[in-house]
Amino acid sequence: CMASVEDINALAETPGFPPVVALCYEEAEGGLADFEARTGPDFPLHSLASSIRAFDSLTGGQAPPRFYLIRDGQAVKFWDETVPSADEVSAARVGA
């Protein structure tokens, strides 16, 4: 996940790109603050605390990170492990 932040920051700064929000699993208390301090995200982070069940339900049990495109509260598309390009997200937005 940490390695993805720079690419996600670039997406978040892309004109017309949908808002980016991250949901993070914390193995230990304070993990989110440490992650934020080490990576410098330009998007909001929200903690799932140590709820592995919630995290697994969002990642499908796959290795993180997982990237979702959400429209009207519903997942339109997701990508696993690799940050999608702005073009991929735009295509998914049009096709949804």
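Visitor: Is Asp 80 buried, exposed or partly exposed?

Guide: Partly exposed, as the relative accessible area of Asp 80 is 29%. The cut-offs: buried is under 20% relative accessible area, exposed is over 50%, and partly exposed is in between (1.4 Å probe, protein chains only). Keep in mind that this is a predicted model, where local features need pLDDT of at least 70, side-chain atom pairs count only at pLDDT 80 or more, and totals for chains, interfaces and linings use all residues. Residues are numbered from 1 along each chain as its sequence is written, and side-chain values use heavy atoms, with hydrogens and water left out.

Visitor: How many salt bridges does a search of the whole structure find?

Guide: Side chains of opposite charge can pair when their charged atoms come close. The rule here is a side-chain nitrogen of Lys or Arg within 4 Å of a carboxyl oxygen of Asp or Glu, and the search gives 2 salt bridges. Asp 80 pairs with Arg 66, with the closest N and O atoms 2.6 Å apart. Asp 80 is in strand E4 and Arg 66 in strand E3, so the pair ties together parts 14 residues apart in sequence. Strands are DSSP runs of at least two residues (E), helices of at least four (H or I), numbered from the N terminus. Arg 38 and Asp 34 also form a salt bridge, 3.5 Å from N to O.

Visitor: What is the count of disulfides?

Guide: A disulfide is a covalent bond between the sulfur atoms of two cysteines. With a cut-off of within 2.5 Å for the sulfur pair, the count is 0. The sulfur of Cys 1 is 7.1 Å from the closest cysteine sulfur, in Cys 24, which is too far for a bond.
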